[in-house]
Amino acid sequence: MNFRKYLKVYKKFLHTSLASELEYKTNILVDLITAILSLVGSIFLLSIFFQNNGYIGGWKFEQALIIQAIYTILNGITNTWFNPNLTEIVKHIREGTLDFVLLKPIDSQFFISLKKINPSGFLEIMLGFLLLFFCIKINQINLNLSFLTLSLITISCSICILYSLWFFISTTTIWFVKTWNAIEVLRSFLYIGRFPLNSFSFSLRIFFSVFIPIAFITTIPSEVFLGLSVLWKILLEVIVATVFLINSRKFWLFALKFYSSASS
Amino acid sequence: MVQNIIDVRNLSKSFDISSKEPGLKGTIKHFFRRQTKSLKVIKDISFEIKEGEIVGFLGANGAGKTTILKMLCGLIYPSEGSILVSGYLPFRRKENFLKNITLIMGQKQQLIWDLPPIESFYLNASIYDLDKFEAKKRIKKLSEMLEIDEELFIPVRKLSLGQRMKSELLAALIHEPNILFLDEPTLGLDINAQRNLRKFLQKYNKETNATICLTSHYMKDITSLCKRVICVHEGAISYDGKLNLLLKKLSPVKEILIVCRTEEDAIKLENSGFTVKNKINNEITIKIENNSITSSLKTILNNFDIEDLFINEPPIDEVIGKVLIKNNYDI
């Protein structure tokens with residue numbers, strides 16, 4: 001793979017999608033306001049849960065805020081990259097414009113996963129990081145190299161798992177043509193990821209760890225922040241992320257053999 | 001000797017198609033138990049195309065023309081048979097193969113809707129690994145050939161269909177491919193835009209010796225661009241050869257309108273043994289076989305007092321229309 005070329009193409013992707021979004025100023029403004037209100041609303045909801053209970057599932061409010069911060073960062077990444085690109089796959093397949101992607105001398109998964117960005121998602125990522133720094137302060141977390149490395153690894157793995165799940169569902173469009181609902185279900189599961197895994201019943205915990213690994217996405221990175229993590233969980237998250245990423249790639253290449261393009 | 005650039009042998013393609021009965025009952029049945037059947041849309045076809053050739057694919061809607069083009073450029077996997085394009089198996093979509101080809105579809109677009117076309121051109125240039133200087137040079141050259149200038153800097157959504165199509169062509173040709181697959185490129189364009197596009201394709205073919213495979217329902221596209229046509233009927237090739245031979249075969253007679261000096265001459269001509277289509281006063285229309293036109297006209301001019309005459313070619317659309325409903329032309 002020619003990395004210099006891919007970097008050059010990605011710069012062009014950034015440039016063209018920013019320029020496209022900036023054509024509609026009001027839309028950007030509304031998106032930015034929505035991002036702020038959504039975070040304020042989420043923190044307010046969380047504070048209501050903790051009003052009468054000091055602890056939920058063994059987590060204090062200040063600790064649960066870390067999950068909210070990581071959720072906000074991930075949601076920002078979702079809104080910046082996954083939402084504009086991966087929902088477009090369905091459109092590409094239904095309308096047959098995937099033809100243009102497949103005929104370019106560039107990796108098709110790279111192209112359809114990164115072509116667009118939604119700049120308003122950046123604000124959400126920034127707000128998430130601001131909340132995370134605030135949580136580090138109020139929870140008196142000691143910032144050291146091993147902590148930063150582990151946080152980076154677990155958050156990167158979370159992004160990989162989320163991307164792979166979303167990409168996997170979008171790929172099934174090649175057979176099922178319309179899969180909006182499945183993506184909405186995934187988004188609702190991600191919404192659940194704002195709460196500590198321990199706050200759910202045993203059966204739900206198993207479901208969210210084994211079948212739809214939402215638990216890995218927010219809870220494990222949060223445990224790293226609180227010093228509650230155990231090595232096997234982090235290793236497991238790395239393994240799950242690697243397996244998901246490799247399989248999403250294999251699944252895409254397999255699915256393309258069944259692509260029949262749209263009729264003209 | 002000119003090399004074959006496309007080689008297709010015993011190619012077939014089947015699709016699984018689901019069908020639904022009408023009404024609520026049919027909808028519910030379709031939802032719970034979808035009935036699919038395998039439909040063979042391309043049936044055991046073989047052909048070769050030489051480098052630099054312009055070949056038109058003719059056929060009715062649903063005959064399989066677009067499916068053939070999509071298999072040739074590697075978008076659809078064939079069910080049976082083999083395809084070699086420029087020495088590559090298209091469905092493997094190797095980088096060097098993709099750099100050699102392009103697909104232009106009249107009804108689909110790749111330009112970024114909210115931005116001027118120039119942004120899409122530079123994006124494509126980076127995908128094809130062209131540096132900025134080379135990209136600029138090619139954009140300049142192609143925009144001159146396509147006669148577009150200011151349009152390059154206007155958002156695509158504000159361009160007319162003709163301007164958009166020219167920009168689509170530029171975006172699709174920036175990497176200077178030597179095989180062009182065009183699927184109804186003039187669809188929806190006005191007469192002038194169609195003519196300009198045809199002129200451009202002729203020029204591009206002449207200057208670069210590019211091979212062009214074209215499907216179109218506008219007969220003018222086919223007649224002005226293609227010497228060779230491949231007629232597709234229900235997934236099979238019904239004719240593969242020169243366009244003029246096909247036209248001769250399909251239309252063996254010409255109609256000649258003869259204006260005689262007097263009505264008596266017209267009556268004399270009417271009774272002289274020619275096949276008469278109609279006669280109005282001193283004007284008479286006769287049908288003459290293509291291979292006897294010269295001798296028949298000599299006889300008429302020598303024996304009758306003729307004021308004027310017109311040789312009418314049958315409308316090409318009408319002639320080609322026969323291809324769309326018939327099968328097997330043994331030329």
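Among contacts in chain A (C-beta atoms, placed from the backbone, within 7 Å) between residues at least 6 apart in sequence, 79% join residues at least 24 apart. This is a predicted model, in which local features need pLDDT of at least 70, side-chain atom pairs count only at pLDDT 80 or more, and totals for chains, interfaces and linings use all residues. Residues are numbered from 1 along each chain as its sequence is written, while chains are lettered from A and ligands numbered from 1 in the order in which they are written.

Q: What is the order of strands in the open sheet of chain B?
A: Strands are DSSP runs (E, at least two residues; helices are H or I, at least four), numbered from the N terminus, and two of them pair if DSSP finds at least two bridges between them. S2 (35-50) and S4 (80-85) of chain B stand at the edges, each with a single partner strand, so one side of each lacks a neighbour in the sheet. With antiparallel pairing, the order is S2-S1-S4.

Q: Over how many bridges do S1 and S4 of chain B pair?
A: B:Ile6 stands opposite B:Val85 in S4(B). The pairing of S1(B), residues 4-19, with S4(B) is antiparallel, and the number of bridges is five.

Q: Why is helix H2 of chain B largely enclosed by the rest of the structure?
A: A residue is buried if 20 or more other C-beta atoms lie within 10 Å of its own, exposed if 12 or fewer, and partly exposed in between. The buried residues of H2(B) include B:Lys65, B:Ile68 and B:Leu72. H2(B), residues 65-72, is largely enclosed because the buried residues number eight of the eight.

Technical notes: Two residues are in contact if their C-beta atoms, placed from the backbone, lie within 7 Å.
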